[in-house]
Amino acid sequence: MSYKKINNLIGWIAFLIATTVYVLTLEPSASYWDCGEFISAAYKLQIVHQPGAPLFLMIGKIFSLFAGDPQHVAYFINISSALASGATILFLFWTITALGRKFVLKGKAELSQTDILLVMGAGLVGALAYAFSDSFWFSAVEAEVYAQSSLSTAIVFWAILKWEAHADEPYADRWILFIAYVMGLSIGIHLLNLLTIPAMALVYYFKRTKKTSTKGIFISLLVGVGILGFIQYGIIQYMIKIAANFDLLFVNTFGFGFGSGVIFFAILLVGLTIYLVLYSIKKKKPLLNLAMLSFVLILFGYSTFAMILIRAEANPTLNNSDPEDAFSFLGYLNREQYGDRPLLYGQYFDSKPIESKEEGNIYRKGKDKYEIAGKKQSYVYDRNTIFPRMYDGDANHPALYREWMNLGPQESPTFGNNLGFFASYQVGFMYMRYFLWNFVGRQDDTQGFGNYTDGNWISGIKFIDSWIYGNQSDLPESIVKNKGYNRMYFLPLILGLIGAFWHFKHDQKDAGFVGLLFFFTGLAIVIYLNQTPNQPRERDYAYVGSFYAFAIWIGLGVFAVSSWIRKVLTPKTAAILATGICLLAAPILMASQEYDDHDRSHKTTARDFAKDYLSSCAPNAILFTYGDNDTYPLWYVQEVENFRPDIRIVNLSLFDTDWYINQLRKPFNQSQPLPMTMNPDAYVAGNRDVIFYQDYNLEGPQKLRDIFEFVTSNNPEAKVQYQSGRSENFLPTKNFKMAVDSNQVIATHTVPKDKQNRIVSEMQWKFNGNYLTKGQLAFMDILVHNDWKRPIYFAFTVPGSNLMGLDKYLFNEGFALRLMPVEKTVVDSSNALGDTDEVNAGIMYDNMMHKFVWGNITHSPYLDPESVKMVFLSVNKFTELAKNLVYENKLDSARAVMKKCLEIIPIKTTYDPNFALGKYEIISLLYRLGMIDQANDLVKQTTDLVTEELNFHYSLIQNKANLSSREIQLNMFVLNQFAEMTKKYGQDKLFKMVDAKLNDYGKKFGFN
């Protein structure tokens, strides 16, 4: 069999192995984070968050057609990720074999059987090592863009090697054109593969230049970076910006219709492109011809974004940013919703703005013309630096910067601190930690924030891990039974480093290509992202391109190992043995360690908990949510599975935009528009973006209706003039009131019968902010004009700061809090159960006991961190309900609730130490309800876990004092509560055991 056939055959075998594993571990439904949004948008071809992924959505739509019913749509769209990931492994295999073949062919006419064995072994080891790497596998089993993005990267890097191999043949530049087209297409998925351009520029330079030089290498790198910048900014952004400005000219100056300027610009662009192509042919300028044809093919690929404009015009249910005209489309592509960050020059986090500068107009589409919505503002700061890394003064970031860099409360950062943060946090914690997760090992799957016990890399070699993190000889179950506890003993890393050294020693040119790919998809992204502390989630998925490059070196490590073995054995035996050893050291070891924490084949928690949010709501409700994970899965179950389409979901994070408010004023699915009366001009972009509070010392609470009419009034007397010269509305008080028609409240079944005698005649509350946003203004409108006709809920995950101060009128009914004109009380804390908020116990009982589904959490082999968070929160809901039932003296119902909790929640197999406090709540209720055996069993099990934690932290503080003070105090508190409870309820044997441990650890930690 020829080399080509063998190469193809084993490549497809690698594809089959990887794809089979991905399909076996595939999540059968929607995952957390963006997956629910992507699946919903793909199913109905809708518009996702900026900057969009139209090609990904269209591919997802094709795969959704294979689903027999809507409940299988998510599975088949997930399959697209599995297949794309498997194909990535195929092209990685061919990339490694292409590099290996170049080496073994030096000075030879053809490959020997031993050479073929060695090349195939290298390809298989490297490709499968990447297949089973932590970050890549994670994205392979869910509906996210990163699998298809990785495939695009793999294709173009493989294609440039194909071009290099055939560059001296006629028509070889078709490979360059193919690369250009794939890159254009990839813009409609993700921009990652553009980062391969500098490396490919070097490949082109070395192949086309007879006599290379350091200067030439440097210039070719600059050209590569220039091409990257031209595509990312020139084509993707500025081309649209120029088109938008042509449209502004044609519409506002010449009086033509919207889009006329865009059409004129498109004609100009097409005409100029055709002219330059013909000119390059006529004048025999091959480089210009290649550049222009590549430009055309990039535009062909980029044209997938036409889907965004076409579907936005159709006003689908999910229509993020409503990018239907040139300027809104430009803002969509520029990610204006997310703001920007300084990269090369900017402020420190404690810098003070000393001047604001206007940098142009912000335009919006009006009735007949584009209108000025506002001015683009930038600030001049008193302290600036080059390469700003500690720049964000918002929220809690200044305190986190100070904590990370050990700065005092009033200490200003220096440039040295700035570089220290870059090195230790952005490079060390937010990149190297992820790199080592993939090739050394991982402590657990808990998100890390810089402490020694969560989310770190480990090797499994105890003396090394102990040197870094403290004594690792007495690890608790919270670590060793965490599915993310993966130990690879440095073996994949060592093999990759051996491969890299071997590559640079034997072929510096090709090694340089791979090294550039490694840099631009790793450290260059670190510099570009400029991440702030305490990200909402782990960001390892951003760096999979650099892990891909390193996997090439893992494969090439087979050559180095073979060369050593060849000194004592025959070359053929050495090739076979080296392949076997390297397969064991990397892909087999990685797969065996990581299979359990990547097996999502039974996980449906995102989907099922989303249904629980919606099941908590009465018919035709309005449900306010806040973040990704309490919104996107809900969109999925509504849009795809058609579950509770009567509920209108309102995401508070998007509610401050005019386009989102406009969408909510339209009917969709089976949900009626929101009851709002504002004219769209009142909240259009640039109008009432923020309404600041200015205390006018008004006596007592003011009617909400009057306040709403005041802040939406265009009367000059309802406005104040600011230094900029603009007159704006203002909020004159924070104390609101709203009259309540009890007959209407009862008629609409807003309040359950057992609370109808407590309906207040007037709701009074204090707004909890210093300014009103657009969304809060819209909420006022809803509250004033809803007249209790539609139930209003807040997801229980919405932060208290977003509840508008209405906390005392919000009653839990499961996973959602219902707004009712009844003042909530704190349930009596007698019987040592502790305080808890009053709930609508009857409705909550029915929802949690009969309507909720629980995501197979009892039997799922793996629960990811987001699912575990929901487990903790579910326990809180069970105990909250049970306490209310105890207070109402419905003890049998309370027992049923706790029995359900013990049956459903994997209490005994959830080892997170933070769960100990939740178990204490459960145990106290079990004792109070006479469920003694269950309580005792849980006390024993939890005491064992707590003592393991205390032993572990005691071993840590021997070398790292004050490292675990919070964890120690928490666990000692739990033990103390167990001692008090077991004594109170006459469990003498248990009391003696717990009390002895309490005293023992009290002496150890100096509490006695």
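Helix H3 (residues 54–64) and helix H4 (residues 73–104) pack at an angle of about 120 degrees, with their axes 8 Å apart. H3 is therefore oblique to H4; angles under 35 degrees count as roughly parallel, over 145 as roughly antiparallel, 65 to 115 as roughly perpendicular and the rest as oblique. The crossing of the two helices is right-handed, a term for a near helix turned clockwise from the far one by less than a right angle. On the H3 side, the contact is made by Gly60, Phe63 and Ser64. H4 contributes Val73, Phe76, Ile77, Ile79, Ser80 and Leu83. Contact means heavy atoms within 4.5 Å. Axes are lines fitted to C-alpha atoms, for helices over the stretch in contact, and angles run from 0 to 180 degrees between N-to-C directions.

The model is predicted: local features need pLDDT of at least 70, side-chain atom pairs count only at pLDDT 80 or more, and totals for chains, interfaces and linings use all residues. Residues are numbered from 1 along each chain as its sequence is written, and side-chain values use heavy atoms, with hydrogens and water left out. Helices (H or I, at least four residues) and strands (E, at least two) are DSSP runs, numbered from the N terminus.

From H5, the residues involved include Gln113, Thr114, Leu117 and Leu118. Their counterparts in H23 include Pro571, Lys572, Ala575 and Ile576. Aspartate 115 also belongs to H5. Its relative accessible area is 6%, so aspartate 115 is buried (buried is under 20% relative accessible area, exposed over 50%, partly exposed in between, with a 1.4 Å probe and protein chains only). Neighbours within four places in sequence aside, aspartate 115 touches Val104 and Lys108.

Helix H22 comprises 22 residues, 544–565. The expected span is 1.5 Å times one less than the number of residues. For H22 this gives 32 Å, and the end C-alpha atoms are 32 Å apart, so the two agree. H22 is mostly covered, with 20 of its 22 residues buried.

Helix H14 (residues 326–333) is largely enclosed by the rest of the structure, because eight of its eight residues are buried. Among them are Phe327, Phe329 and Tyr332. The cover includes helices H10 (214–253), H11 (260–282), H12 (286–302) and H13 (306–313). Strands S2 (353–365) and S3 (370–381) also take part.

Several loops show backbone features. The peptide bond from glutamine 50 to proline 51 is cis, with omega near 0 degrees. Proline 51 sits in the loop between helix H2 (35–44) and H3. Asparagine 315, in the loop between H13 and H14, has a positive phi near 50 degrees. This asparagine 315 is partly exposed, at 38% relative accessibility. Asparagine 889 has a positive phi near 65 degrees. The loop between H31 and helix H32 (891–904) holds asparagine 889, which is exposed, with a relative accessible area of 58%.

Proline 865 lies in helix H31 (residues 865–887). Its relative accessible area of 27% makes proline 865 partly exposed. Proline 865 and serine 321 are 544 residues apart in sequence. In space they are 30 Å apart, C-alpha to C-alpha.
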